[in-house]
Amino acid sequence: MHDQEAGASPVLAEFSLLSLFNLFFKLPSQAKRRSERSRVAGDSAARRSERGQQAAARARMVANRELVFKIVRDAMLLSEVLSGSYKFKVLSLSRKGNKFAVLMDTSAPLQGGPARQLDVESLVIRLAERRHGIIVTAMYWRSVDRQAALAAMQAPRATRVNFETPDALARVNAVEQSDLSSTNFGEIN
């Protein structure tokens, strides 16, 4: 019996030592460790779902942008404007991908003037809203006469500055001879 008590006393001593240790130094319990692991897993799952949502929003924006391209082409065709006489860009204005602006470059002003531009613009806005629920906030127009621009680029320049004229040389010499060493902040060495 004495042998059993001797064998039990080291276990009791170890147990009491662990109890004392736990009293001063709290070890994380299994439940806390599990909750921490689940929180970390939840955070990573939230990050993955956020990335997934961003990717889905980006895909939706690209798809809607392509729809706006088609709508602009359809509206210009309905307005009897030749496809070779214009270029355009579609800009996204929202992260959700449902608001856009259209930038139009035409080779010559549309026949009918600004009223025709307004008609085309309202047609694009209506078609986008009715067909796909997309908002086109505005169309910006720029008319470039390409033939006049090409002729201006190819024409020789008539006014060329010649720095070797007597007047230009006199101004350069006057600057060289003036006293540039003194400034408002003192002398320059």
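Predicted model: local features only at pLDDT ≥ 70, side-chain atom pairs only at ≥ 80, totals over all residues.
**Overall layout**

Let's start with the fold. The protein chain has five helices and five strands, and along the sequence they come in the order α-α-β-β-α-β-α-α-β-β. Of its 189 residues, 19% count as buried. Take the contacts between residues at least 6 apart in sequence: 58% of them join residues at least 24 apart. The accessible surface of the chain comes to about 15,300 Å², with 58% of that belonging to carbon and sulfur atoms.

**The core**

The largest nonpolar core has 23 residues, and V68, V72, F88, V102, M104 and V124 are the ones with the most contacts inside it. Which elements give two or more residues to this core? They are helix 2 (30–78), strand 1, strand 2, helix 3 (113–132) and strand 3 (135–143). Helix 2 gives the most, with seven residues.

V124 is a handy place to look around. Leaving aside neighbours within four places in sequence, V124 is in contact with I71, V72, A75, V136 and M139.

Over in strand 2 sits F100, which counts as buried because its relative accessibility is 0%. F100 and V68 are 32 residues apart in sequence, yet their C-alpha atoms are 8.0 Å apart in space.

**A buried charge without a partner**

Helix 3 also holds E121. This residue is buried but has no salt bridge, and the nearest side chain of opposite charge, that of R126, is 11 Å away. A salt bridge would need a nitrogen-to-oxygen distance within 4 Å. What does E121 touch, beyond its neighbours within four places in sequence? E121 is in contact with A138, M139 and W141.

**Salt bridges**

Side chains of opposite charge can pair when their charged atoms come close. The structure holds three salt bridges, listed here:

| Pair | N to O distance |
|---|---|
| K70 and D74 | 3.2 Å |
| R131 and D74 | 3.0 Å |
| R142 and D105 | 2.6 Å |

K70 is partly exposed, with a relative accessible area of 46%, whereas D74 counts as buried at 18% relative accessibility.

D74 also meets R131 in a salt bridge. R131 counts as partly exposed, at 43% relative accessibility.

R142 and D105 make the remaining entry in the table, with their side chains meeting at 2.6 Å, N to O. Here too the pair links distant parts of the chain: R142 is in strand 3 and D105 in strand 2, 37 residues apart. R142 is exposed, with a relative accessible area of 52%, while D105 is partly exposed at 22%.

Now for the surface. L91, L93, L103 and Y140 make a nonpolar surface patch of about 370 Å². One of them, L93, lies in the loop between strand 1 (86–92) and strand 2 (99–106). L93 counts as partly exposed because its relative accessibility is 49%.

Key. Residues numbered from 1 in each chain as written. Heavy atoms only, no water. Patch = residues over 30% accessible without salt bridge, like charges linked within 9 Å, V, L, I, M, F, W, Y side chains within 5 Å. Areas by Shrake-Rupley, 256 points an atom, 1.4 Å probe, with all protein chains shown as cover. Helix = DSSP H or I, 4+ residues; strand = E, 2+ residues; numbered from the N terminus. Buried < 20%, exposed > 50% of the residue type's maximum accessible area, 1.4 Å probe, protein only. Core = buried A, V, L, I, M, F, W, Y, C linked by side-chain atoms within 4.5 Å. Contact = heavy atoms within 4.5 Å. Lys, Arg positive; Asp, Glu negative; His and termini not counted.
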